[in-house]
Amino acid sequence: MQTLSEQAPALIRLSDYRAPAWRVETVALDFDLGIDASELCARLLLRRDPAQDAPLRLDGEDLQLLSISLDGLQLPATAYRYADNVLEVDGAHDGSVLETRVRLRPAANTALEGLYLSGSRESGFLLTQCEAEGFRHITFFPDRPDVQARYSVTLRADRERFPVLLAGGNPDGAGELEGGRHWARFVDPHPKPSYLFALVAGRLEKLERDYVTADGRPVQLKIWAEADVIDRCHYAMDALERSMRWDEQTYGRNYDLDVFHVVATNDFNMGAMENKGLNIFNAKYLLADPDSSTDEEYRHVEAVVAHEYFHNWSGNRVTCRDWFQLSLKEGLTVFREQSFSADMNSAPLKRIEDVALLRRAQFPEDAGPLAHPVRPAQYSEINNFYTATVYEKGSELVRMLAGRLGRDGFRRGMDRYFERNDGRAATLEDFLGALGEANDTDLMPYLAWYGQAGTPRLKARGHYDPARREYTLTLAQHAPGVAGKEPRPPLPIPVKLALFARDGTMLPLHLQGAASGNLHERVVVLTRTEQSLVFTDVASEPVPSLLRGFSAPVILECDYTPAELALLLGHDVDGFNRWEAGQQLATRAYEDLRDGDATHALHAWCDALARLFDSEAIDDALLADLLTPPGEIELAERETAIDPQHIHGLRQDLQRHLAERLGADALYRRYQALAGHTTIELDAPSQARRRLKRRVLELLHLLDAEGACLLAAAQYRDAPGMTDRLAALAVLVRGHADAAAGALLDYRQRYADNTLALDKWFSVQAQMPGEPALERVLALEKDAAFTPKNPNRVQSLLGAFVRGNPSGFHRVDGAGYRLLIERLITLDSLNPQVAARLATAFNGWQRLEPKRREAARLAIAELAGHVGLSRNLAEIIGNVLN
Ligand code: ARG
Ligand code: ZN
């Protein structure tokens with residue numbers, strides 16, 4: 001039997017990068033589209049690098065080659081070889097034209113990469129997904145982002161079955177053909193890498209809007225979706241228009257084609273894709289209406305629409321030289337998207353949401369066997385590197401640079417970056433170089449952040465000298481160790497800080513050796529392993545507020561007393577740091593409960609929140625966030641023998657203490673007051689009320705389960721929109737309430753034809769805490785609406801269970817692990833990307849308590865011994881085992 005290491009696929013290394021020996025100047029694609037079989041003729045005008053003499057080699061996976069000709073002559077079988085996913089052709093020279101004809105099988109493509117069918121054979125439509133290496137599943141091509149070509153695409157198909165024919169670029173003619181067929185052509189004037197190619201064909205409806213760019217170009221915006229959901233695209237259209245205006249105003253970037261198409265599909269591996277002129281979205285991130293979407297989902301739609309649109313510059317006009325540079329477009333675009341969302345909504349709430357996500361998804365990734373640098377040095381399957389590290393940590397790195405340069409400096413740097421690299425395939429060095437040069441500073445030291453895995457730790461110690469009225473703050477950084485490696489050189493770490501007096505006022509900062517002004521906040525960039533800052537003229541011992549706004553993606557260790565954290569929680573004017581102080585205090589309170597020897601922090605936390613709960617001055621949404629302790633995944637990060645069920649129980653106790661301190665009366669009163677304004681409006685105060693109402697209901701449930709379930713059942717029944725309805729359902733289901741069954745049945749019927757709403761029905765049940773979850777998951781797999789072929793459905797049931805329900809998945813008998821490996825084997829044969837993503841649930845198994853660790857190890861080892869795993873899954877399992 002072949003073991004995992006024997007099937008281990010080759011590693012691709014950044015250090016092996018070579019410029020392409022052959023480029024493609026223009027490509028003409030001619031498609032004959034059909035559900036079962038599609039045929040495609042590709043004509044490539046080739047350019048050879050005179051400095052290299054490598055033979056012409058093109059990527060091509062699972063392609064059925066029908067014919068091949070070079071410079072107009074059919075090639076004999078001796079003049080080309082197609083093996084191991086490479087087509088090698090003899091006799092090509094600079095300026096040659098290669099023509100290949102292939103046959104594809106879209107309906108049989110369950111991996112959802114390349115050309116595939118979304119929906120049913122009868123009514124579904126055809127579409128493509130090419131990033132990262134899907135184009136080689138469509139035709140023979142040098143499928144790498146540094147080969148940029150001009151595309152002209154002709155689509156032909158039956159008019160009845162495929163009334164809408166779309167490809168990237170500008171429309172360049174359409175017409176009728178014999179036999180009820182028709183054609184349409186699109187020409188893209190901007191050279192682009194193959195991963196940005198896209199086509200869509202089928203029965204789709206559209207929303208349209210005319211737009212004029214700031215530089216005067218009229219653009220037709222068209223959003224396409226299947227007829228039953230097209231009415232749910234209005235919010236996305238508004239979000240698109242807001243994104244376009246924002247990029248004009250904030251970065252001076254205008255759109256550059258005459259049309260911008262956006263298409264929604266239910267069958268998509270990722271969130272969405274920025275194909276040039278033809279963005280394709282997972283319907284989950286495009287459709288929104290009050291009856292089926294929560295407030296949070298509305299925010300996601302706005303953010304993802306913006307993200308894909310922003311890629312038109314950060315990704316498409318300036319693309320990546322190779323996939324190691326992925327964060328060059330993704331980290332930057334996430335940063336742009338986050339800034340946009342902060343501008344459209346509340347900046348502090350957005351920051352809280354983003355940092356919470358970073359801690360929940362990226363910190364654990366960076367602390368376990370799947371850790372990798374933002375710019376990895378090697379990979380075997382690039383699809384496994386669309387990670388929280390490349391996206392979210394990558395965005396944090398851009399944020400540090402932006403903070404360092406300031407608003408105007410960053411804009412100057414970005415102008416330089418776009419201007420200098422327009423039309424190019426760039427590297428992270430190009431990015432740091434442009435930002436630095438435009439500001440006469442050297443940003444290359446930041447490159448170190450891109451090259452090392454792990455979350456750095458920042459230790460802070462304060463010392464106050466009352467005689468000299470001096471406060472000395474010592475900051476020391478520590479990179480997570482890698483066994484057998486040299487200690488790493490220090491990173492530049494921007495620390496935004498302020499000092500608070502004990503009465504909660506901010507002190508003016510007189511930093512020794514720095515120009516004084518009447519500053520109350522400043523950014524100090526730590527460049528050495530350890531550095532001391534001396535503040536003079538400090539009247540009494542201050543409380544430092546550090547890393548304000550989360551100015552660097554590090555773990556801060558500071559020996560605050562509970563009273564000091566409570567002071568920051570009560571008074572910090574930086575909304576993020578106020579929340580952060582609360583999170584740290586809650587963590588201490590959690591440890592009080594866990595270790596059972598003190599309750600200082602617990603009391604400080606509950607008291608501080610009780611004061612805020614009654615204050616009028618605080619925004620409802622921020623209050624809801626303050627009332628929420630760190631999640632189970634985050635709490636587990638601090639432990640070494642993890643028992644997820646125990647953690648769940650302790651976190652519940654922690655919240656019960658808080659609820660008791662707030663008191664049932666106050667909670668009921670608050671709930672009733674909030675319930676008095678029930679609407680579906682999306683304005684900030686309405687959303688904030690719904691968020692707080694949910695939190696109050698959850699806290700009430702810990703005090704008075706029966707009473708809270710009555711409220712929840714009524715809230716479920718009377719909810720005017722999904723936010724309130726789902727919140728109530730979750731309280732009922734998680735509380736194992738009697739009323740849960742009836743509500744679930746009602747929901748199942750009500751949304752029988754609404755795929756996205758049904759996904760939430762699966763998730764809410766997959767996330768019920770503790771042992772019963774697994775039985776429920778098994779039962780739900782038998783529901784007629786469950787299918788392993790739809791990535792959203794798999795994510796909503798299995799993903800929610802294995803990655804979003806630690807106390808349910810990590811059963812001490814190992815049943816959760818065995819279920820996961822069985823499902824992985826099935827899923828891997830259908831869709832390797834989906835399987836690999838689900839398999840990351842095993843990350844961190846080495847830190848489980850011994851029984852669970854052994855059960856997990858056995859399950860993973862069994863999977864690793866399975867023959868014929870995809871490269872995607874094999875890489876994840878191989879890494880996880882290490
Ligand atoms: N570039 C897309 C985005 O905006 C993600 C596409 C990733 N696709 C994949 N198969 N890995 O984030
Ligand atoms: Zn992206």
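Predicted model: local features only at pLDDT ≥ 70, side-chain atom pairs only at ≥ 80, totals over all residues.
**View 1. Helices α14 and α16 cross at roughly 95°.** Helix α14 covers residues 644-662, and helix α16 covers residues 684-703. Their axes come within 8 Å.

**View 2. Side of the contact given by α14, and side given by α16.** From α14 come Gln652, Gln655, Arg656, Leu658, Ala659, Glu660 and Leu662. From α16 come Leu699, Leu700, Leu702 and Leu703. By class, this contact of α14 with α16 holds 7 nonpolar, 2 polar and 2 charged residues.

**View 3. The shell around ligand 1 has 15 residues.** The closest are Glu131, Met270, Met273, Asn383 and Tyr386. Two elements give two or more residues to this shell: β20 (272-273) and α3 (295-310). By class, the shell has 5 nonpolar, 6 polar and 4 charged residues.

**View 4. The protein chain holds 27 helices and 31 strands.** Its radius of gyration is 28 Å, close to the 29 Å that the globule rule gives for 882 residues, so the chain is as compact as a globular protein of that length. The C-alpha trace spans about 90 × 65 × 60 Å along its principal axes.

**View 5. Buried residues make up 50% of the 882 residues in the protein chain.**

Notes. Residues numbered from 1 in each chain as written. Chains lettered and ligands numbered in written order. Near = placed C-beta within 6 Å. Helix = DSSP H or I, 4+ residues; strand = E, 2+ residues; numbered from the N terminus. Nonpolar A, V, L, I, M, F, W, Y, C, P; charged D, E, K, R; others polar. Axes fitted to C-alpha atoms, helices over the stretch in contact; angles between N-to-C directions. Contact = placed C-beta atoms within 7 Å. Rg over C-alpha atoms; globule rule 2.2 N^0.38 Å. Buried ≥ 20, exposed ≤ 12 C-beta atoms within 10 Å, placed from the backbone.
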